[in-house]
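Subject: Structure handover and findings

Dear colleague,

I am pleased to hand over the structure that follows. Please read the notes below it alongside the coordinates.

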Amino acid sequence: MKRKWWHEKVAYQIYPKSFKDSNGDGIGDLPGIISKLDYLQELGIEILWISPIYCSPLADQGYDISDYYGIDPRFGTMEDMEVLIAEAKKRGIHILMDLVVNHCSDEHIWFQKACQDPDGKYGKYFYIEDVKEEPPCNWRSYFGGGVWDKLPGHPDKYYLHVFHKKQPDLNWENPELREEVYKMVNWWLEKGISGFRIDAIINIKKTDEWKSYPADREDGLCDIQNMLEEANGIGEFLGELRDRCFDPYNAFTVGEVFNEKENELEDYIGDHGYFSTKFDFDPVVWGKSSKGWYDMPVIHPDAYRDCLYKTQTEMEGKGFVANIIENHDEPRGVSHYLNTEDVANPKYSLKAKKMLATLMFSLKGLPFLYQGQEIGMENVPFTSIDQIDDIHTIDQYQVALDAGFSEEEALQVIRRFSRDNSRTPFQWDASTEAGFTNGSPWLAVNPNYPTINLESQRQDPDSLYSYYRKLIALRKNPEYKETMVYGIFEPIEEKEHNLISFHRKGDDQTLLIILNYQKETRTFTLPHPCKKVLLSNVDMSNFDPEQISLKLEGYQAVIFEV
């Protein structure tokens with residue numbers, strides 16, 4: 001594996017609408033981000049992914065783009081964007097934009113012109129079919145309902161949208177469309193950004209025909225994954241995108257890829273892969289059900305471990321994955337991957353959160369934090385569907401009701417999985433609205449902000465925030481960086497219940513990582529003498545390097561040099 005400029009970095013995702021509001025309108029913005037660059041530098045961030053800030057009607061919170069070359073006035077101006085790029089550069093921070101090119105907004109000029117003349121140039125930028133007795137196929141949209149809707153102004157024609165009906169799919173089979181995409185991508189790279197996070201990219205390749213599959217719900221529709229499993233040839237598009245845009249600029253790219261086919265990992269993240277890296281979504285897709293969220297179990301520690309071990313083993317020698325515990329599309333990691341009762345218990349909460357952080361940073365790959373993760377922000381105790389903004393959550397609430405669940409049961413389902421869990425405003429301090437805004441926030445602040453906020457943790461050496469800084473410092477420490485970043489991953493205990501333990505092996509150095517993934521204590525037999533404790537979430541000042549039996553507290557995590 002060739003070494004790249006980004007391998008030793010630490011990355012961070014900002015959801016702009018919820019990060020920091022500078023003008024009191026209740027919406028986070030670019031000046032707000034600029035005002036917090038010193039904070040991000042203090043934390044140790046070197047790559048910053050900004051979720052969409054393009055012009056958008058916000059049907060899907062900015063992932064429905066009406067102008068790829070414009071900054072939405074809600075977030076600021078292009079001049080603000082240029083200041084952000086320049087100020088970040090001064091602090092050694094690389095800026096990534098969100099690249100959303102499976103679809104655009106129905107308010108984009110391309111789609112407007114396609115509606116005016118479906119048979120003309122811009123009609124071929126989309127998938128438009130003549131209306132017959134039934135829609136062309138029975139695929140279900142990611143946000144519910146069928147993927148085909150009547151083309152505005154043309155009751156005799158359908159257009160395809162695999163997401164929201166205001167997000168028409170772009171036709172990547174059309175070379176003219178691809179040229180427009182490449183021109184836009186290179187325009188942003190010329191502006192000084194360092195790369196992109198690439199949204200929903202696996203969907204750009206459809207099957208050669210509109211094939212229906214057996215229905216899996218009473219709506220008569222099928223999971224769109226059926227089509228994606230049969231679609232072939234996406235590499236032609238992704239390879240062209242890489243060669244025309246990413247490689248000439250030495251750009252960093254991270255793909256949102258849930259379902260590459262077997263033995264394709266190296267095609268995506270190898271030395272000449274389509275992208276620099278891809279997020280490790282194995283834990284995210286674990287337990288997914290075509291029936292909906294109500295049929296999904298919460299992942300347990302052994303399953304989480306097995307997912308991580310699988311990815312770590314598969315990528316060895318091929319490339320780097322990007323390691324996450326949460327993002328803007330998922331619930332909060334500490335609420336999802338930890339026992340909720342233990343997270344609510346002061347006896348275990350902080351140790352458990354530090355254990356999860358230790359695991360993330362000890363794995364091979366690029367650590368990718370999401371805003372608020374570093375202070376342990378948690379899921380929201382929603383009490384009504386009226387508190388929800390997210391279209392996907394609203395759909396899944398209805399899916400649960402249609403399956404026979406009561407309103408309270410359906411609400412319990414969405415509390416676990418709602419994307420709005422991670423979209424509530426960043427909790428800066430204990431002042432009104434958590435210091436996010438002087439106005440009324442677009443989405444209500446999590447009510448636990450008086451106790452979970454940055455200000456209360458920033459000067460506390462025992463806080464979760466301080467612990468994240470220690471993990472980042474360890475990864476950058478010249479004495480251990482080679483092993484922390486590039487060391488081979490070698491699992492030790494692969495089947496021990498609620499235990500994760502593995503080596504990271506460099507050429508002349510070995511680290512041992514042990515995590516007791518439960519509140520009960522346990523005894524662990526060390527596989528060899530341990531030279532030094534590099535970091536632990538409990539006091540180990542009395543550790544004897546000669547001992548071979550280690551009593552682990554509940555949720556204890558430790559990184560040894562051996």
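The notes below describe selected residues, a pocket and the nonpolar cores. Please bear in mind that this is a predicted model.

**Cores**

The largest nonpolar core comprises 158 residues, and those with the most contacts inside it are Y12, M81 and F368. A second, separate core has 13 residues, among them I514, L526, M540 and F543.

**Two buried loop residues**

E326 sits in the loop that runs between β14 (321-323) and α11 (333-336). E326 counts as buried because its relative accessible area is 2%, and buried means under 20%. Its side chain has two polar partners to report. One is the side chain of R332, with which E326 makes a polar contact of 2.6 Å; another is the backbone nitrogen of G333, which the side chain of E326 reaches at 2.6 Å. Setting aside neighbours within four places in sequence, the residues in contact with E326 are P331, R332, G333, V334, Y370, Q371, G372 and Q373.

N102 belongs to the loop between β5 (94-99) and α4 (109-116). With a relative accessibility of 0%, N102 is likewise classed as buried. The side chains of N102 and D169 are joined by a polar contact of 3.3 Å.

The volume of the second largest pocket is about 520 Å³. Its lining consists of 24 residues, and S335, H336, L338, N339 and T340 lie nearest the centre of the pocket. Which helices each supply at least two residues of this lining? They are α11, α12 (340-344) and α15 (407-417). Of the elements concerned, α12 gives the most, with four residues. By residue type, the lining divides into 11 nonpolar, seven polar and six charged residues.

**Partly exposed residues and their partners**

R416 is placed in helix α15, one of the helices that contribute to the lining of the second largest pocket. R416 is partly exposed, at 28% relative accessibility. A polar atom of the R416 side chain lies 2.6 Å from the backbone oxygen of M296. Residues up to four places away in sequence aside, R416 touches M296, P297, V298, P331, N379 and N421. By C-alpha positions, R416 and R217 are 22 Å apart in space and 199 residues apart in sequence.

K505 lies in strand β17 (residues 499-505) and is partly exposed, with a relative accessibility of 32%. The side chains of K505 and E490 make a polar contact of 3.3 Å. E490 is among the residues in contact with K505 when neighbours within four places in sequence are left aside, together with T483, G487, I488 and T510. The C-alpha atoms of K505 and E482 are separated by 9.4 Å, and these two residues are 23 residues apart along the chain.

L350 is found in helix α13 (residues 349-362). L350 counts as partly exposed, with a relative accessible area of 32%. Not counting residues up to four places away in sequence, L350 touches D462, S463 and L464. L350 and D462 are 112 residues apart in sequence, while their C-alpha atoms are 9.2 Å apart in space.

**Backbone points to inspect**

Most residues other than glycine have a negative phi.

N263 has a phi near 70°, a positive value in a residue that is not glycine. N263 lies in the loop between β12 (252-255) and α8 (265-269). N263 counts as exposed because its relative accessibility is 73%, and exposed means over 50%.

E433 has a positive phi of about 60°, although E433 is not a glycine. The loop that holds E433 runs between α15 and α16 (454-458). Is E433 buried, partly exposed or exposed? E433 is partly exposed, with a relative accessible area of 23%.

With kind regards

Definitions and conventions
Residues numbered from 1 in each chain as written. Predicted model: local features only at pLDDT ≥ 70, side-chain atom pairs only at ≥ 80, totals over all residues. Heavy atoms only, no water. Buried < 20%, exposed > 50% of the residue type's maximum accessible area, 1.4 Å probe, protein only. Polar contact = N/O pair within 3.5 Å; in protein donor to acceptor, adjacent residues only side chain to side chain. Contact = heavy atoms within 4.5 Å. 1 Å grid on protein atoms, 1.4 Å probe; cavity = no way out; pocket = protein on both sides within 12 Å on 5 of 7 lines; lining within 4 Å. Points joined across faces, edges and corners; volume = space filled by probe spheres on them. Nonpolar A, V, L, I, M, F, W, Y, C, P; charged D, E, K, R; others polar. Core = buried A, V, L, I, M, F, W, Y, C linked by side-chain atoms within 4.5 Å.
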